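Please load the model in a viewer and keep the selection tool at hand. The tour below moves from one selection to the next.

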Amino acid sequence: MKTDFDYKVDLKLKNILIVMPQFYAYQTKIHDDLIARGANVMFYDEEPEKTKYLVLKKLEKIFKKKNIFEKFNKQLTEQIIAQMPAGGYDYFLLIRGNIISEETVNTIKEKALKSGAKTVYYAWDSFENMRHGGQLGKLFDYRATFDSVDAKNDPSYELLPLFYSDDFDGAKLVPPAEYKYDYVSVSAFFPFRYRYFKAFKEANPDKKLCLKIYLPPSVYRGKKFSNPKEVKNLDMDIISFEPFSPEDIRNMCLHSKAVLDLAHEKQQGLTMRTMETLGIRRKLVTNNIYLKDYEFYNPDNALILEDLATKADEAEASGDYSAFTLPDANWLDKPYVEDERIRKRYSIHAWLDKLLG
């Protein structure tokens, strides 16, 4: 991988240990950047295999057993120590660490790192969504979070949003000759999201919308059994049982004037899609009210929607969906306000420089 980014941190021949969740292909993007810099990188999944993880998590909740993941932590620690490079690691980066124990962190620091190695923790989730509530990060030399509210409440954490990869770098992409869509949104299935997509579709017949939600067949079958109302009479113009590849998503966003991004309603940190929209210089419509906390927020580029749940209740009761009307050409066709200096601060290269620098 070649890049014209001006790296600030020299990682050539550095041994880097990363423990993080398997999150789409983002771990591959991180790996590619570090390898391009000449680093030696080892990745470990921060959770057991998904089905086992969900079973253990449910057992933990039922039996209030705090050490339910003790076996996994022990196996992970032993594997890391057995496979570590001669002399140990120069960097230890833990991302989220939802089920990693303090004992695991301390053992890795003691037995798998070089003297003077740098330890870094990144909260790729809000504190309230993690079992350790952000306290695990206190064991590290440097800690950052993607959540602006958590950063305000705990000054020991630095606010560091997520990133866009080179695949979403507008400076490296050929702009389309013409746009296929006015608005695009591609995401995973949540009942609230499907509900709002139907409302947007109802309210905007005059616009070219591409609203897609991936519903895994296994999840669909499970919901038909456990909560059939959620998946009854699905709009197959919105629902897809086939996943979208990263290339599919990138191309849909690239060929749209704007991106509609509906984060989970309790999410405070910015989504990856928000950062990718910044990367490709596309307008954004989102329900994340915390977007205003960031330096790149500009009302000419981004529109924030509030209280969609109440609006959906009122629309379904009255049949009037006008509250879900999206901006027309007056906003869509207004030139995107660019600030290349700021935009580059949110590339994957700058993100890793900040974490490891």
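Is strand β10 (residues 256-261) mostly covered or uncovered? Select these residues: five of the six are buried, where buried means under 20% relative accessible area, exposed over 50%, and partly exposed in between (1.4 Å probe, protein chains only). The model is predicted: local features need pLDDT of at least 70 and side-chain atom pairs count only at pLDDT 80 or more, whereas totals for chains, interfaces and linings use all residues. Residues are numbered from 1 along each chain as its sequence is written, and side-chain values use heavy atoms, with hydrogens and water left out. Helices (H or I, at least four residues) and strands (E, at least two) are DSSP runs, numbered from the N terminus.

**The sheet**

Select strand β7 (residues 181-188) next; three bridges join β7 to β10, and the two run parallel. Here Y181 stands opposite S256 of β10. The partner of V259 in β11 is L284. From β10 the chain reaches β11 through helix α9 (residues 272-279), in a right-handed β-α-β crossover; right-handed means that, with the strands pointing away from the viewer, the path from the first strand over the helix to the second runs clockwise.

Now widen the selection to the open sheet, whose six strands follow the order β9-β8-β7-β10-β11-β12 with parallel pairing; two strands pair if DSSP finds at least two bridges between them.

**The aromatic pairs**

Which pair type do Y220 and F241 form? Their pair is tilted, at 5.1 Å centre to centre and 55° between the planes. Rings of Phe, Tyr and Trp (its six-membered ring) pair if their centres lie within 6.5 Å; planes under 30 degrees apart count as stacked, over 60 as edge-to-face and the rest as tilted. Y220 lies in helix α7 (residues 217-226) and F241 in the loop between β9 and α8 (246-254), so the pair ties together parts 21 residues apart in sequence.

Move on to F296 and Y346, whose ring centres are 5.0 Å apart with planes at 75°, so this pair is edge-to-face. F296 is in the loop between β11 and β12, and Y346 in the loop between α12 (340-343) and α13 (348-356), 50 residues apart. F296 counts as buried because its relative accessibility is 13%; Y346 counts as buried at 10%.
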